[in-house]
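Please keep the sequence and the structure in view while reading.

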Amino acid sequence: MPKYGKTKIIIAAILSIIFIVVFYSNYLNKKNEEKLEQERIAEEKLKDINKHYNKFVKSNLETDLYILENNEYKMIGKIGKDVELTLKEMDITSDTDYFMIDNFDGEYYIKYDSVTPIEELSKESDRYKNYILFNENVITKDKTLFYKNDHLMYELDIGVNLPIIMKDGNKIYVEYQNKLVYVLDSEIDNIISSNNTNKEVAQEIPTIVYHFIYNPEVEECNQIICHTLTQVQSHIDYLKSESYFTPTMQEFEMFIDGKLLLPKNSVVITIDDGWFGDNARDIFTSNHVNATIFLITSAYGADYYKTEYLETHSHSNDLHTQGICPTGQGGAIQCSSREFLLEDLRLSRERTFNSTVFCYPFYEYNNYSIGILKEAGFTMAFGGSYAGGHSKMPIGGDKYQIPRFTLLNDTTVADLKEILNS
């Protein structure tokens, strides 16, 4: 072969080698760049996932709920916006697309980017656990929507069968995921009998009334309706020792309406007027016992007395006067003009956070009084002994004639026990 031809072959071979080296080098560089880009993307995703992960989170939108089935995430329902959740502790990687929910019955998952971390869960009341279950279960249709405070909490693509805790119009309350939630009756397939409990249920509930709770070391009170802090504390200690449940006004009204069942050992506690009201506030609040103080709102401000355990309701704005009506101690609500009474009651409701619960001054009332209260927007009213012909308030009783036992300065624990068990 001519020398020139060999040279061409050598040059071609060298060029081929150079091409291969350059091509392979470019290939390796591209692969390396792709790997670096993938690592960058994975690192950014990991940062994003960690930004969403925390022990406590809340949903930042209405989002899908999943179960893990055959190594695939399958949508089973939805969670509403701003629903607070507890997440399982887990090792987070860039492949973590779903977080496992910890405070659910069963294994459920949620997409990582649909939740936002929060410092802690809001305080959820478990007070409903004191209620007595109805011996009935609600069965929902093929899809179940759970609500709380008119807000969608959970949506499941399955029906459920759960014990009934409360009934309120078109809402049936149940416990789901350790929360009191409700389903609408339009989404219910059936309600069936069920042996959920054999606990004793209250058929009637007594109400007791204190007036002036004072500290004899620094205060004077010389009326028969004056109660020392020691006397009241002895009553509270007895109620606690016997596991008495003290309903709120809302719970008591729902009990009367047959919307919820309460334990046999239940008692409503009330305090009238407002004099020495700070002592009432402090003793019931510190003992974590629910009570209501009925305030004369022209003299006492509800803001000062209201706590988590002490409710403030109306004893009128300025009707607690004597000698107004010719038939009794005073009881202006029995005979004053409609316009005068409605204005007084409007002011009193306004000053007690729009209360719908009333206490008759001097325990006096008549049909005219009841009509005025209804017109003013009140739904319940308390009298004295045997109001409405009862000593205790039965389910289905007249909510404008609620009887109360008046406690005196010599009412002992033994007396209280007799009152409650009479």
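Y73 is partly exposed, with a relative accessible area of 35%, where buried means under 20% relative accessible area, exposed means over 50% and partly exposed lies in between, using a 1.4 Å probe and protein chains only. This is a predicted model, in which local features need pLDDT of at least 70 and side-chain atom pairs count only at pLDDT 80 or more, while totals for chains, interfaces and linings use all residues. Residues are numbered from 1 along each chain as its sequence is written, and side-chain values use heavy atoms, with hydrogens and water left out.

**Aromatic pairs**

- A search of the whole structure finds 23 aromatic pairs; rings of Phe, Tyr and Trp (its six-membered ring) pair if their centres lie within 6.5 Å, and planes under 30 degrees apart count as stacked, over 60 as edge-to-face and the rest as tilted.
- Y73 and Y98 form a stacked pair, with 3.8 Å from centre to centre and 20° between the planes.
- This pair links distant parts of the chain, since Y73 belongs to strand β3 (residues 72-79) and Y98 to strand β5 (residues 98-100), 25 residues apart; helices (H or I, at least four residues) and strands (E, at least two) are DSSP runs, numbered from the N terminus.

**Charges over rings**

- K167 lies over the face of F134, at 4.6 Å from the ring centre; a charge sits over a ring if NZ of Lys or CZ of Arg is within 6 Å of the ring centre and within 35 degrees of the ring normal.
- The charged end of K306 sits over the ring of F353, 5.3 Å from its centre.

**Helix α8**

- L416, I419 and L420 are buried in helix α8 (residues 413-421).
- Seen down the axis of α8, the buried residues fall within an arc of 95°, so they line one face of the helix; the arc is that of the directions from the helix axis to the C-beta atoms.
- A414 and E418 are exposed on the other side of α8.
- The buried residues of α8 pack against β17 (207-210), α2 (229-241) and β26 (405-406), where contact means heavy atoms within 4.5 Å.

**Strand pairing around β1**

- Strand β1 (residues 56-59) pairs with strand β4 (residues 84-86) in the antiparallel sense over three bridges; two strands pair if DSSP finds at least two bridges between them.
- Three bridges also join β1 to β7, and these strands run antiparallel.
- V57 stands opposite L85 in β4 and opposite P117 in β7.

**The surroundings of T248**

- T248 is found in the loop between α2 and α3 (249-256) and is buried, with a relative accessible area of 16%.
- Leaving aside neighbours within four places in sequence, T248 is in contact with R127, N290 and E311.
- The C-alpha atoms of T248 and I269, which are 21 residues apart along the chain, are separated by 9.0 Å.
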